[in-house]
Amino acid sequence: MKLKLFIVTFLLVMLSCKNDSDVYKTTSGAYASKMGKFYAKFPTKPNLSIQDNKIGIDEFEVFAYKSTLGPNKIFSIEYFDHPGEMIKAMPNEQFLDQAVTNYSYAMASNFELDFKASVNNGDLKGIYFVFQPKENPAIKGIEGMILGEIFKIDNRVYTITYLGIPDKRIDTFIESFKIIK
């Protein structure tokens, strides 16, 4: 019994180390992801979580890198490889616009879309968005706003977001996002 418990514990530790080894600090001070092929200036080392997701019958994983500064400042980069051929057939701008609309629906109980516009990040074309809390958010314990950018490269979708109260590091974080080739 002790041997089985040791093996399970060892495997869990090894799996968690694998996730941590994906993130490394660059010489410029940014954090990079080997699997995600990106880097950004997170304020602290981000933690990686992987969530299973499903669209119809297609299953895929969402990789979420989050750096927090207290309960009201969350810096995040998420990516996933969209399953199926639909994403490749849809024009980039149309897909990204639909992605922001879907995000709006997901956040509709607490936030509403305040602003969106096209944005460029090097060769990437995406959408910048801002969500503001709905009326009386403090009653529900929500403080701050959500702002970010979303990009698509082939079938991979990247969402760079900040959730929280205003912070001087927001622009640096969002603007520093770059793809590693």
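In which strand does Ser33 lie? Ser33 lies in strand E2, where strands (E, at least two residues) and helices (H or I, at least four) are DSSP runs numbered from the N terminus. The model is a predicted one, in which local features need pLDDT of at least 70 and side-chain atom pairs count only at pLDDT 80 or more, whereas totals for chains, interfaces and linings use all residues. Residues are numbered from 1 along each chain as its sequence is written, and side-chain values use heavy atoms, with hydrogens and water left out.

Strand E2 belongs to an open sheet of four strands with the order E1-E2-E3-E11 and antiparallel pairing, two strands being paired if DSSP finds at least two bridges between them. Strand E1 (23–25) and strand E11 (178–179) stand at the edges, each with a single partner strand, so one side of each is left without a neighbour in the sheet. Three bridges join E1 to strand E2 (residues 31–33), and Val23 stands opposite Ser33.

Ser33 counts as buried, at 1% relative accessibility, where buried means under 20% relative accessible area, exposed over 50% and partly exposed in between (1.4 Å probe, protein chains only). The side chains of Ser33 and Tyr65 are joined by a polar contact of 2.8 Å, that is, a pair of N or O atoms within 3.5 Å of which, within protein, one must be able to donate a hydrogen and the other to accept it, residues adjacent in sequence counting only if both atoms are side-chain atoms.

Tyr65 is itself buried, with a relative accessible area of 1%, and Phe38 is likewise buried at 1% relative accessibility. Rings of Phe, Tyr and Trp (its six-membered ring) pair if their centres lie within 6.5 Å, with planes under 30 degrees apart counted as stacked, over 60 as edge-to-face and the rest as tilted; by this rule the count comes to 16 aromatic pairs. Phe38 and Tyr65 form an edge-to-face pair, 5.1 Å centre to centre with 85° between the planes, which links strand E3 to strand E5 across 27 residues. Phe38 and Phe177 form a tilted pair, at 5.8 Å and 35°, and this pair links strand E3 to the loop between H4 and E11, 139 residues apart. Phe177 is buried, with a relative accessible area of 0%. One aromatic cluster is formed by Phe38, Phe63, Tyr65, Tyr79, Phe151, Tyr158 and Phe177.
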